[in-house]
Amino acid sequence: MTRHKPPVVRMPVVSFFKAGKSLTIGEVSALSGVLYAGNDLDISFSGVSAIYAAKWGEITFASGVKQRDDLAKLDGVLVFCTPNLMSSVPKTCFTLECSNPAVAFNRLARALYPDALRSPQFEECTLDPVGAYVHSTAKIEDGATLAAGCVIGAHVEIGRNSRIGPGATVAAHSTIGRNCDLGAHVVVQCTHIGDGVIIGPGATIGHDGFGFVPSSSGLEKVPQLGRVIIQNNVEIGSNTCIDRGSLDDTVIGEGTKIDNMVQIAHNVRVGRNCAIAAQVGISGSVIIGDNVMIGGGAGIADHIIVGDNAMIAARSGVMTEIPAGARYGGAPAKPLREFFREIATLKALATKETKL
């Protein structure tokens with residue numbers, strides 16, 4: 001019996017965001033840093049699209065051989081593509097050859113859709129709207145916007161062009177830098193936030209950590225006296241929780257990106273430019289180096305050190321230190337090659353047992 005894959009149904013994308021301006025091929029080339037070999041630099045393009053849906057006057061990209069069929073169907077489209085795909089682009093299209101089309105395409109998308117880089121619900125906000133509470137000692141720079149129902153506590157400082165979403169709370173003495181976005185119902189307390197930070201709806205930053213001491217009368221709560229320090233250009237997903245430190249600070253390094261529903265416990269220190277996927281749990285006092293990537297659902301035990309440039313596979317359980325540059329997976333986590341060898345051995349044993 002032959003099994004056929006069901007057809008892939010691709011619906012057209014109707015975006016909430018509209019392109020801010022058109023770009024000529026010359027401007028596209030300058031913004032992306034990719035040289036255009038033709039002479040028609042003044043032709044304009046006004047939007048971006050996935051390769052399977054790209055229409056005349058739009059910009060797209062292709063980086064894999066599986067996209068050859070989609071490439072062949074294009075007409076009047078500006079395409080970023082790798083050298084091995086150049087021959088598949090129709091002559092009616094315009095090509096920019098580069099080694100990393102996704103990066104070049106993303107630069108163009110950012111230029112055409114700047115509004116998509118920030119939360120869209122703040123267009124009509126004004127400072128201190130009806131229903132918001134702003135303490136008299138709070139300092140809010142010009143250009144900051146507060147949505148209805150938000151609460152700004154005593155001695156809070158909010159920088160220029162930052163936007164506080166509906167129902168969000170910024171507790172006393174916390175500070176928020178410039179050009180930040182706090183989504184709806186975000187809670188910030190005992191926290192200092194740098195510039196350009198984005199926090200998704202429902203996130204809780206600076207709540208007290210999970211600290212208890214066993215005693216004869218049960219678990220006694222430990223005062224959490226530290227802070228959360230979030231450096232510049234960090235992004236934090238919806239419903240993520242980052243606990244403040246106990247006696248030390250919890251620190252999230254510059255440029256780090258954290259997905260939805262991540263738990264980061266007290267005293268954790270995350271380095272710069274890390275990527276942490278959804279449902280990761282990081283226990284107290286873990287130290288994570290720079291450029292670390294952690295797959296979804298991974299868990300890290302307390303007081304573990306993860307070295308720079310390490311990679312942790314999804315659903316891993318990290319119980320021991322991970323060296324710089326290492327790739328770990330499994331539960332308990334181990335070097336990825338070792339983990340894969342064990343899986344292959346178990347599979348071979350299972351197959352052998354079945355044959356017997």
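Tutor: β3 and strand β4 (residues 58-62) pair in the parallel sense over two bridges. Before we go on: this is a predicted model, where local features need pLDDT of at least 70, side-chain atom pairs count only at pLDDT 80 or more, and totals for chains, interfaces and linings use all residues. Residues are numbered from 1 along each chain as its sequence is written, and side-chain values use heavy atoms, leaving out hydrogens and water.

Student: Why are β3 and β4 said to pair?

Tutor: Two strands pair if DSSP finds at least two bridges between them. β3 and β4 have two bridges, so they pair. In that pairing, V48 stands opposite I59 in β4.

Student: What order do the strands of the open sheet take?

Tutor: The order is β3-β4-β5-β6, with parallel pairing. β3 and β6 (94-97) each have a single partner strand, so one side of each is left without a neighbour in the sheet.

Student: How do you know whether H185 and N239 are exposed or partly exposed?

Tutor: Buried means under 20% relative accessible area, exposed over 50%, and partly exposed in between (1.4 Å probe, protein chains only). H185 has 53%, so it's exposed. N239 has 46%, so it's partly exposed.

Methods:
Helices (H or I, at least four residues) and strands (E, at least two) are DSSP runs, numbered from the N terminus.
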